[in-house]
Amino acid sequence: MKEQVVIEVQDLVKWYPVKVGILQKVAGYVKAVDGVSFSIKRSETLGLVGESGCGKTTTARCMLRLTEPTKGRIFFEGKDIMKFDRESMRKLRPRMQVIFQDPYSSLNPRLTVKEIIGEALTFHGIARGRELEDRVGELLKMVGLSPQHIKRFPHEFSGGQRQRIGIARALATNPDLIVCDEPVSALDVSIQSQILNLLEDLQERLGVSYLFIAHGLNVVKHISHRVGVMYLGKLVEIADSEEIYKNPLHPYTQALISAIPIPDPKRKREKILLEGDVPSPINPPEGCRFWTRCRYVMDICRHEEPELLESAPGHKVACHLYKC
Amino acid sequence: MAGYIVRRLIMALPVLVGVSLITFILLNVVPGDPVLEMMGKHVDPLTLEKVREQLGLNDPLYVQFGRFLFNALRGDLGKSFKTGQPVTQMIMDTFPTTVKLALSSAFVAIVLGITVGIISAVKQYSFFDHAAMITALAGISAPIFWVAVVAQLVFGLQLKWLPISGYSSPKHMILPAVVLGIRFAASIARYTRSAFLEVIRQDFIRTARAKGLAERAVIFGHALKNAMIPVVTIIGMQISGLLTGSLLTETIFAIPGLGRLSIWALSNRDFPLVQGIVLFTAVVFVIGNLIVDISYAFLDPRVRLQ
């Protein structure tokens with residue numbers, strides 16, 4: 001079972017110092033990610049949801065060490081990559097890739113499709129010349145584009161096509177893990193499902209694992225095997241996809257699920273409206289971070305932080321309601 | 001491409017006529033008599049009148065301007081009132097010197113400016129960044145005649161490393177090229193830094209890092225080329241400016257270039273020479289801007305010249 005795990009994150013922390021004054025004194029920290037742990041198995045998709053600013057993207061970037069975490073351990077196939085130096089990290093990079101949200105800024109406007117997709121292959125000495133061209137053509141076909149597009153520039157493509165190029169690029173080095181950072185949020189709804197289906201097909205064929213970030217549960221539902229919910233830098237609930245939709249435990253998850261529109265005008269569902277804004281991550285509330293907006297708030301919530309505990313097999317939640 | 005260049009040059013014609021017209025009007029409005037300036041104050045009025053007639057200064061203004069345009073189209077910018085030499089020849093005699101100064105200071109400016117700009121951006125908010133940006137701000141703000149005089153004092157008089165002024169050896173070029181170059185290096189550095197910062201925050205730079213490329217490949221391969229577009233605009237405009245002569249630097253260092261010729265022409269009210277220099281300047285700018293626009297097409301595949 002253990003060797004099936006592709007990546008494991010333990011107690012990941014990323015604090016950004018807030019500096020003030022001429023002397024740049026550190027006045028506090030933005031606790032973007034504050035002790036997040038999870039693991040992803042081979043061929044598995046872990047969905048990560050939460051509002052803007054809750055630390056999903058920072059978690060993902062820290063996991064890839066594109067942003068240096070403040071604390072925590074990251075195991076890629078059992079090896080602690082936090083101990084890797086620059087050079088070993090660089091050599092590992094082809095095995096963990098990323099697809100970004102904005103298909104416009106994520107492709108270098110000055111490079112051709114061939115250069116964008118093939119660069120990592122040339123750089124790591126995987127393919128060159130004729131072989132490179134064939135591989136790029138093959139990747140384009142895989143994501144549903146024509147190999148004839150190889151000489152074109154990004155601006156000649158639509159948003160959906162550009163995202164396909166981004167996916168082909170991520171796949172180029174045969175990665176074991178791809179972080180998909182809201183890959184469909186910037187696309188039209190009709191294109192969204194095409195891209196989601198493409199990602200699913202590719203997973204079936206190639207056995208790649210995904211960390212799939214989205215801010216709404218409806219997108220994640222379609223594609224994830226397991227789903228983690230984040231609030232203000234913390235993982236508040238994590239469970240199998242089916243389970244979390246049928247039986248959401250954390251009041252925040254419940255609110256998120258009640259916000260998914262049902263495509264049936266006759267069916268009505270109680271909408272849980274969250275009041276107020278997300279508190280500042282510089283000074284998160286003491287105790288449970290959600291208590292300021294929680295409808296079940298109890299005394300204990302205001303001063304004791306709940307741990308992420310297993311309430312049913314494979315279903316973990318951080319809430320005082322389910323402690324006993 | 002050839003069609004684009006021809007079209008742009010034709011579009012430039014009204015600009016050149018406009019510039020000439022404005023110069024012509026200004027020259028005729030400002031007080032001062034070119035003939036008096038030329039002949040000295042103690043000439044009898046009859047001779048003055050005769051010279052005026054000869055130079056065509058008694059004709060109506062529109063006739064004078066029409067004559068200037070007609071001759072200019074044939075490449076004849078008239079003769080200097082003061083020396084009697086053809087204006088074109090005077091410009092062409094001094095232009096190579098100015099080109100030499102322009103290119104050497106542009107070299108200083110580009111190498112220094114881009115290097116400092118990149119390091120500042122990559123190490124944003126570091127000590128180097130702060131120090132470089134404060135120096136750059138000082139470089140832009142300090143008047144060039146002051147910098148030039150200080151440089152002459154320090155490197156010429158105190159240290160005796162370099163000649164103070166004149167134009168007889170390559171060594172004479174160093175001080176003016178550096179003084180002029182540093183000023184432009186300062187603005188190039190600031191532009192490079194801000195363009196670079198904008199680019200390195202884009203996702204494709206993260207993508208490049210995620211690909212496992214070496215940092216050098218990320219900075220020079222991905223970031224630099226994308227950041228160069230605004231910088232090229234600035235460099236292009238500055239080189240055009242340098243090519244038409246730096247009035248102060250050339251005067252302070254006694255370099256016989258176009259800049260010093262302009263000052264001389266103005267102070268002597270040498271109308272044809274001033275007209276000719278202004279027109280020449282305008283032509284240099286038009287061509288400079290055209291070259292910048294063409295270079296965009298090479299820097300950015302999204303730009304098509306039409």
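Modeller: A word on terms before we start: two strands are taken to pair if DSSP finds at least two bridges between them, and please keep in mind that this is a predicted model.

Biologist: Fine. What order do the strands of the open sheet in chain A come in?

Modeller: The open sheet has 4 strands in the order β2-β1-β4-β5 of chain A, and their pairing is antiparallel.

Biologist: Which strands stand at the edges, and why is one side of each left without a neighbour?

Modeller: Those are β2 (25-41) and β5 (79-80) of chain A, and because each has a single partner strand, one side of each has no neighbour in the sheet.

Biologist: And how many bridges join β1 and β2 of chain A?

Modeller: Strand β1(A), residues 5-20, pairs with β2(A) in the antiparallel sense over 13 bridges, and within that pairing W15(A) has K31(A) of β2(A) as its bridge partner.

Biologist: What does helix α1 of chain A touch on the sheet?

Modeller: Helix α1(A), residues 56-63, packs on the sheet and touches β1, β2 and β4 (71-76) of chain A, with a direction that makes about 115° with that of β1(A).

Biologist: Switching to chain B, which residues does UniProt list as "transmembrane region"?

Modeller: The unreviewed UniProt entry lists residues 9-30, 101-122, 134-154, 174-192 and 276-299 of chain B under that name. In the model, the span 174-192 of chain B is 100% helix, with its end C-alpha atoms 25 Å apart, and the span 276-299 of chain B is likewise 100% helix, with its end C-alpha atoms 35 Å apart.

Biologist: How do α5 and α8 of chain B pack?

Modeller: Helix α5(B), residues 87-122, and helix α8(B), residues 170-200, pack at an angle of about 35° with their axes 5 Å apart, and their crossing is right-handed. The residues of that contact divide into 22 nonpolar, 7 polar and 2 charged.

Biologist: What about α5 and α10 of chain B, at what angle do they pack?

Modeller: Helix α5(B) and helix α10(B), residues 215-243, pack at an angle of about 150° with their axes 10 Å apart. The residues making the contact include A102(B), I110(B) and I114(B) of α5(B), together with I235(B) and L242(B) of α10(B), and by class the contact has 12 nonpolar, 2 polar and no charged residues.

Technical notes. Residues are numbered from 1 along each chain as its sequence is written. Chains are lettered from A and ligands numbered from 1 in the order in which they are written. This is a predicted model: local features need pLDDT of at least 70, side-chain atom pairs count only at pLDDT 80 or more; totals for chains, interfaces and linings use all residues. Helices (H or I, at least four residues) and strands (E, at least two) are DSSP runs, numbered from the N terminus. Two residues are in contact if their C-beta atoms, placed from the backbone, lie within 7 Å. Axes are lines fitted to C-alpha atoms, for helices over the stretch in contact, and angles run from 0 to 180 degrees between N-to-C directions. UniProt positions are given in the numbering used here, feature names are shortened, and annotations may be inferred rather than shown by experiment. A crossing is left-handed if the near helix is turned anticlockwise from the far one by less than a right angle, and right-handed if clockwise. Ala, Val, Leu, Ile, Met, Phe, Trp, Tyr, Cys and Pro count as nonpolar, Asp, Glu, Lys and Arg as charged, and the others, Gly among them, as polar.
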